[in-house]
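Here is a brief report on a structure. It covers domains, a chain contact and a helix pair.

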Amino acid sequence: MINIFRSCSYSLIGLGALGWIGILLTTVMFAGPGDSALTDFFAETIIIAERLETFDVDFTYVADDLFSLMAQLNLSLLIITILMSLGWSAGSHYLNIDSPGKAKIYFIHWIIFTGIFITIVLGIVIFFTQSSTFESAQFIGGTGMTIITGLSLIYYFLMYYVGVILGTARFARSSVLFANKLPGNL
Amino acid sequence: MLNNRFLGFIGVFLTITLISNFTVAKEKCSPEYSLPEAQINSSQENSDDANPVFVYFDGSLSMKGFVVDQPGQKNLYVSIIDDLQQIAENVGSKTYYHKFGSKVAPIKENEIAMVIKEGFYTCAGNVQECDNQHTAIDLPFKAAKANLDATYIITTDLFLENNQLVGSTLSALTKPLKSVLKKGKSIGVFGIMSSFNGKIWGIPTSTGATMPYRAALTRPFYIIVIGDQKNINQVRKNLEEQHFIDGDEAYKYALITSSPVSQNLNQAKILKESSIGALSKKDGFKFEYLDNDLALYQFMTTKKRKIEIKIKKSDFIVNGSSGVSSYRIEETLWWNEEKKCRNIKEPWKKTNHEKISSYKEKDEFLYLNAFKHAPLKTFFSKFRYFYLINLYADQTGKASETIFADWSIRDSDAEDFTNQNPKVFKTLNLTKFIKILNSVANDTFEPRLIASIAMDFEVGKK
């Protein structure tokens, strides 16, 4: 059990190494739009500017809702990333590795688990940005949608990967891509 | 004591409820807009029955053949001219008769019977005086300009040479017509195929000279009526009832007018809730005419819906007229971030759409394709919208040209056509003449408001 807690701690350290950016971003977004580079980025890149211009809708009309949507999206992704990362880290201790080289077989399990994680991330992004659940999602343009989806996948996968690479049980490291390259005393 | 207090409380409660309900009902849930004034068809407004009628009979030699019976052919000219006196009297109070050819001369009432005799078309004077092969159609048209309240009935074969339809002769024809049409008057052209037994004079040849033709058994003559639409319709009604009731006679009619729009659909309350199609069956749909006659549709719609307003053309186009060839849509779209009427405090914002809707014509209907250029899928469900469309008639139609096309022969084709020895002779430059009338009508035409329609709506998320 101590090993599991240790794994989870390592995993949290790994998650924190990148996760602080996400936490900061989410906090800023919950605070709402202000006179910042992030607001400018949303106004210039994320929103469907041409259509809003046709309807003569000022960005300030949509900024609050859009920031709130993005904050909720990031919070959801942060939670799922942390849960999945910790889940694998804890679960790796229960992998039955009873012969040399068997850990490598569990690579398939890791790949499937990671695939599920990526699918969930993608699903969450689509749910927030393309379903009709959130009205403000209509203000996100095609480019904005691509950027949000791409960045979310890259960022949260990296966060998850760093989390699991550090958190996976030492005897099961061969099942995680490049995890066996870590120093043995970590 | 308690009872009185209780009743007092109930009274106050009911009063407040009633006042608040009244306030809600009177809530203004639309942006500030102004409606263009709907013009009334002035030609239909003139109800002065005391207008004189001037009847002009073409006395040119080519008309003579209409009064000579052709065995086996029905002589409509004689029977119609016989009735024309009575038809003219039905239309106006006093009737004046004239004969025209190269000049106009008045004829007495007791001489009218002569019109259906050969002698009316025969000239007893010298050669110069008897140049009666020419039809100076511009002369009665000029006269029509003099008294714009009168009705003018011109009977002619409309056999017009090319040189009568160019230059100064053309302007002598078009100028008075412009004045007449500008005053809201119309021109009714009745074409009647009748028996013919005589010579047709003045057929142009390739050498520049003219030739006569006498083998025709039938040819059309025309009754041109200039005046109020109601008087023209009266003449039409009388002619049709008395002579064309079977509908088998070769009879054509066209109304050339600068006001082909008979009525404003809002004032006549022609637009109905069903005009918008299946959308009217949806929950929350409401249709009403506002105090300013604006037809207002209120609804909730999905982003996928296509909205079309179906209008029957005969509801606004003058019967028998050349109609409308193009329409203009003036439109404005507003949005408000508050969907609930009572919460609307901020002013409505106007969108920057250049084009939102379009129209198409199919059979007897005009379809207003709302949001054709700005589909509902591009609308944001977050807002409430108010859309105002003013539909105008922008240009008069050209239907009359096609109506008479098969009775017309071009100047350049006249000789070849004559050489084929036709039994049914066509009218020289008839299409050209109708085109000229249409172009004059179009010049004097002013865009006319057909309908003003508003849509107060919300768009669903899907």
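## Domains of chain B

The C-alpha centres of domain 1 of chain B and domain 2 of chain B lie 44 Å apart. This is a predicted model: local features need pLDDT of at least 70, side-chain atom pairs count only at pLDDT 80 or more, and totals for chains, interfaces and linings use all residues. Residues are numbered from 1 along each chain as its sequence is written, while chains are lettered from A and ligands numbered from 1 in the order in which they are written.

Domain 1 of chain B spans 44-260 + 397-444, and domain 2 spans 263-396 + 448-459. Such bounds come from an automatic or database domain assignment. In chain B, 16 residues of domain 1 are in contact with 12 residues of domain 2 (C-beta atoms, placed from the backbone, within 7 Å). On the side of domain 1 of chain B that touches domain 2 of chain B, β9(B) gives the largest share, five residues.

## Chain A against chain B

Nine residues from chain A and 13 residues from chain B form the contact. Helix α3 (residues 49-54) of chain A gives the most to the chain A side, with three residues (helices, H or I, at least four residues, and strands, E, at least two, are DSSP runs numbered from the N terminus).

## A helix pair in chain A

Helix α6 (residues 107-129) and helix α7 (residues 142-167) of chain A pack at about 145 degrees, axes 10 Å apart (axes are lines fitted to C-alpha atoms over the stretch in contact; angles run from 0 to 180 degrees between N-to-C directions). Residues making the contact include Phe117(A) of α6(A) and Tyr160(A) of α7(A).

Technical notes
Two residues are in contact if their C-beta atoms, placed from the backbone, lie within 7 Å.
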